[in-house]
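Here's a quick tour for anyone meeting this structure for the first time. Have a look at the sequence and the model, then read on.

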2 protein chains.
Amino acid sequence: MKTKGLLIVISGPSGAGKGTVCKALLEKNDFWISVSATTREPRDGEIDGVNYYFLTRDDFQSKIKSKDFLEYAEVYGNYYGTPKKSALDAMNLGKDVILEIDIQGALKVKENYHEGVFIFILPPSMEELKHRIINRGSETKESLVTRFKSAYKEINYISKYNYAVVNDTVEDAVKKIESIIIAEKCRVDKVESEILKSKEGIIHE
Amino acid sequence: MKTKGLLIVISGPSGAGKGTVCKALLEKNDFWISVSATTREPRDGEIDGVNYYFLTRDDFQSKIKSKDFLEYAEVYGNYYGTPKKSALDAMNLGKDVILEIDIQGALKVKENYHEGVFIFILPPSMEELKHRIINRGSETKESLVTRFKSAYKEINYISKYNYAVVNDTVEDAVKKIESIIIAEKCRVDKVESEILKSKEGIIHE
């Protein structure tokens, strides 16, 4: 029997570089990447089932009703969501599933699948995030303060996550995520029942 | 400021190979290894502070009174114990401390230092442990059953640990322990206060 795979949720504030980290992680490892569903029109070159699952509004809403999403949101009149069944199927086959998602989405996934491994990607330092915000352009002092406050608020959500990975270099961040996945598979609360089951053989054989 | 090091407690039933795993782990990494204190006489070639700290009975007992041990036990009239101060000093300097110890000792360490990382080393399979027990020699059926029951009982303590590492190959077990150490340093409950502290700079500067 194969051990069940993990749901690894990779999230964090914008500017932390979670997309780059995920890309590098998937190049090196045989993980299963979650593909989102959406009701928006496919753009040129986008393939159904690869970039997105393209659904009609009716289909999407009926899937919401039947609780077929780990999370979903409506953005500018279009639905976006993370299908539940395909991720759970992959995990049941022993695959680790990677889900890259913003903070709001990650918190909703946590409500529906608390056993996930929630990883918060951080910029190298708060100083660095500050520089990135300042260097984005000629903003007014008021708008800078608003942005700082928003970053400040976003980072508060870290307490909802299991792990924080500082994206100092992509290589280092990938190594940390790989280590987290190995360690999670060794956690006693995850393997205990299996070990105690195999132990029964000693006494009863 | 350096991040505080971890106390990594490596333990498990006899026959699991924790000694071999620890030796390989220490060869590859710059960890600080805890040296036990004892009241037994030094054997030929044993060096004070390297193999053991050799203490008089009076010294040992006064250290028990002043709670200077993470754990101690009396075995065949001699005391053995894990000094607390030197381990905590090393951790305060940012060193990760490795403590290889039997199950009874590990459980006592947990009472005194709950923040430690408790790793349970398992033999490749319960079948393998059974074979090792049988192959130890020409035991009676009764004594085999006693040994099985003891192994059975020892493995029940796994629930007191944080991680279980199957010693299938030493290389693989070492990699898992190294991953656990990296992952533990990313745990949000360990790094959160530091991150939120450094975040304050964004607003107040």
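B:Phe69 has B:Pro83 as its bridge partner in strand S6 of chain B. Strands here are DSSP runs of at least two residues (E), helices are runs of at least four (H or I), and both are numbered from the N terminus. Two strands count as paired if DSSP finds at least two bridges between them. S5(B) and S6(B) make a hairpin with two residues between them, and B:Tyr76 in the turn has a positive phi of about 50°. S6(B), residues 78-83, also pairs antiparallel with S3 (residues 37-38) of chain B through two bridges. There, B:Thr38 sits opposite B:Tyr80.

Keep in mind that this is a predicted model: local features need pLDDT of at least 70, side-chain atom pairs count only at pLDDT 80 or more, and totals for chains, interfaces and linings use all residues. Residues are numbered from 1 along each chain as its sequence is written, chains are lettered from A and ligands numbered from 1 in the order in which they are written, and side-chain values use heavy atoms, leaving out hydrogens and water.

Now for the aromatics. Over all chains, the structure holds 16 aromatic pairs. Rings of Phe, Tyr and Trp (its six-membered ring) pair if their centres lie within 6.5 Å; planes under 30 degrees apart are stacked, over 60 edge-to-face, and the rest tilted. Here are two of the pairs:

| Pair | Centres | Planes | Type |
|---|---|---|---|
| A:Phe69 and A:Tyr72 | 6.3 Å | 50° | tilted |
| B:Tyr72 and B:Tyr79 | 6.2 Å | 65° | edge-to-face |

A:Phe69 is buried at 7% relative accessibility, while A:Tyr72 is partly exposed at 34%. Buried means under 20% relative accessible area, exposed over 50%, and partly exposed in between (1.4 Å probe, protein chains only). In chain B, Tyr72 is partly exposed at 34% and B:Tyr79 is buried at 9%. Ring pairs also link A:Phe60, A:Phe69, A:Tyr72 and A:Tyr79 into a cluster.

Finally, a loop in chain A. An unreviewed UniProt entry places a "binding site" at residues including A:Pro13 and A:Gly15; such annotations may be inferred rather than shown by experiment. A:Pro13 lies in the loop between strand S1 (7-11) and helix H1 (18-28), and A:Gly15 lies in the loop between S1 and H1 too. Which of these is buried? A:Pro13 is, at 1% relative accessible area, whereas A:Gly15 is partly exposed at 28%. A:Pro13 touches residues including A:Lys18, A:Ile103 and A:Phe120 (heavy atoms within 4.5 Å).

Methods:
Lists of a residue's contacts leave out its neighbours within four places in sequence.
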